[in-house]
Amino acid sequence: MEPTSRLTDLLKLVPQVDLDSEGVFKYILIQASFSRSFDPSAEVLTFVRGYKSCAYHPDILEACFLQFDAPLEEGSGRIFFRSPGGGRIQHSASAKKLSIYGYSQSFGQANHDLTLELAKKAYPDYPESSFTVSYEGY
């Protein structure tokens, strides 16, 4: 379901994709919803996060709780988070290259094609050929 209303307000405050600009690091997809059950009819928004400073995939999710909760006004409702998967990213902003691959031992393998789609929107100045996806490797 395409996000509307309150979750799109969150997009005005935090970027949908936030990755370190250089290096190889773990990443996760994060789903946010006002529905605890993540019901298919519920509004769900997907974010991509990856940081060299996070040694494990769950560390990324933990680091994001404050990032997401801080901009919300009181009374706006509680947002629930989950990670449907993760992997690794090799990113070079200077060379405008981004490779998505692998899996998370904690959350399973992310939908790298969705990650790619979101990354292309976040980095529109990268050439199409600079993005690669592999479901192989760790």
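User: Which side chain of opposite charge is nearest to R49, and how far away is it?

Analyst: This is a predicted model, in which local features need pLDDT of at least 70, side-chain atom pairs count only at pLDDT 80 or more, and totals for chains, interfaces and linings use all residues. Residues are numbered from 1 along each chain as its sequence is written, and side-chain values use heavy atoms, with hydrogens and water left out. R49 is buried (under 20% relative accessible area, where over 50% is exposed and in between is partly exposed; 1.4 Å probe, protein chains only).

User: With which side chain does R49 make a polar contact of 3.5 Å?

Analyst: A polar contact is a pair of N or O atoms within 3.5 Å; within protein, one must be able to donate a hydrogen and the other to accept it, and residues adjacent in sequence count only if both atoms are side-chain atoms. The side chain that R49 contacts at 3.5 Å belongs to Y51.

User: How many residues of strand β3 are buried?

Analyst: Strands (E, at least two residues) and helices (H or I, at least four) are DSSP runs, numbered from the N terminus. V44, T46, V48 and G50 point one way from β3, while L45, F47 and R49 point the other way. Strand β3 (residues 44-50) is largely enclosed by the rest of the structure, because its buried residues number seven of the seven.

User: How many bridges join strand β2 to β3, and in which sense do they pair?

Analyst: Strands pair if DSSP finds at least two bridges between them. I30 stands opposite F47 in β3. Strand β2 (residues 22-33) pairs with β3 over seven bridges, and the sense is antiparallel.

User: How far apart in sequence are the parts that K96 and D125 tie together?

Analyst: K96 and D125 form a salt bridge, with the closest N and O atoms 3.3 Å apart. K96 lies in the loop between β4 (80-92) and β5 (97-101), and D125 in the loop between α3 (112-122) and β6 (131-133), so the tied parts are separated in sequence by 29 residues.

User: What is the N to O distance in the salt bridge of K120 and E128?

Analyst: K120 is partly exposed at 28% relative accessibility. E128 is exposed at 56%. Their side chains meet with an N to O distance of 2.4 Å.

Terms used
Lys and Arg count as positive and Asp and Glu as negative; His and the chain ends are not counted. A salt bridge is a side-chain nitrogen of Lys or Arg within 4 Å of a carboxyl oxygen of Asp or Glu.
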